[in-house]
Amino acid sequence: MRDFAPTKRGFVLLLCLLLLPALTGADEGTARRLINAQGCKGCHSLEGSGGNRGPALDGVGRRLTADQIERQLLNPKARNPDSIMPRMTHLSAENLKALVDFLSSRK
Ligand code: HEC
């Protein structure tokens, strides 16, 4: 039973390594689904597909902080009073976070 503890630790570590990408992947999937379902691509392009009424979302994480991205989603008119972008205040906190996390990681 002496080597039980290290084995258990190894098992927990392995489990974390396996779960971490799965969890991040789930959030990214949510964000990508929202981007399609909320019509973002009617105005924005991402990875080569979508419209050009707004700036491409590729690299947005380099241009804006997570806070600025969240503000743009919740109140586009704060930055540009003539903005044509619809506010995303109807999204749940989890969905909003998934979107902000995903967009901030577009570097
Ligand atoms: C009707 C067109 C339209 C739709 C739909 C739209 N946007 Fe926008 N978005 C814009 C425009 C135009 C801008 C440029 C700033 C402004 O005028 O508000 C913008 C700016 C942004 C920015 C800041 C980009 C930058 O580089 O400064 C982000 C992030 C963004 N939109 C995300 C989204 C997401 C995510 C969705 C879907 C949930 C979405 N937008 C839906 C038109 C739109």
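This report walks through the fold, the pocket and the ligand contacts of a predicted model.

## How to read the model

Residues are numbered from 1 along each chain as its sequence is written, and side-chain values use heavy atoms, with hydrogens and water left out. Because this is a predicted model, local features need pLDDT of at least 70 and side-chain atom pairs count only at pLDDT 80 or more, while totals for chains, interfaces and linings use all residues.

## The overall fold

The protein has five helices and two strands. Here helices (H or I, at least four residues) and strands (E, at least two) are DSSP runs, numbered from the N terminus. Starting at that end, the order of the elements is α-β-β-α-α-α-α.

Of the 107 residues in the protein, 28% are buried; buried means under 20% relative accessible area, exposed over 50%, and partly exposed in between (1.4 Å probe, protein chains only). Take Arg79, which sits in helix α4. Arg79 counts as exposed because its relative accessibility is 59%.

## The largest pocket

Now for the largest pocket, with a volume of about 520 Å³. A pocket is an open set of points on a 1 Å grid over the protein atoms alone, where a 1.4 Å probe fits, with protein on both sides within 12 Å along at least five of seven lines; lining residues have an atom within 4 Å of a point. Grid points are joined across faces, edges and corners, and the volume is the space filled by probe spheres set on the points.

The lining has 26 residues, and the closest to the pocket centre are His44, Pro55, Leu57, Gln72 and Met85. Helix α3 gives the largest share, three residues. By type, the lining divides into 16 nonpolar, seven polar and three charged residues (Ala, Val, Leu, Ile, Met, Phe, Trp, Tyr, Cys and Pro count as nonpolar, Asp, Glu, Lys and Arg as charged, and the others, Gly among them, as polar).

## The ligand and its contacts

The ligand takes up the space of the largest pocket, meaning that more than half of its atoms lie within 2 Å of the pocket's grid points. Around the ligand are 22 residues, the closest being Cys40, Cys43, His44, Ser83 and Met85; a residue belongs here if one of its heavy atoms lies within 4 Å.

Which side chains make polar contacts, pairs of N or O atoms within 3.5 Å, with the ligand? Among them, His44 has a side-chain N or O atom 2.7 Å from a ligand nitrogen. Arg63 places a polar side-chain atom 2.9 Å from a ligand oxygen, and for Asn80 the distance to a ligand oxygen is 2.8 Å.

Note on methods. A polar contact is a pair of N or O atoms within 3.5 Å; within protein, one must be able to donate a hydrogen and the other to accept it, and residues adjacent in sequence count only if both atoms are side-chain atoms.
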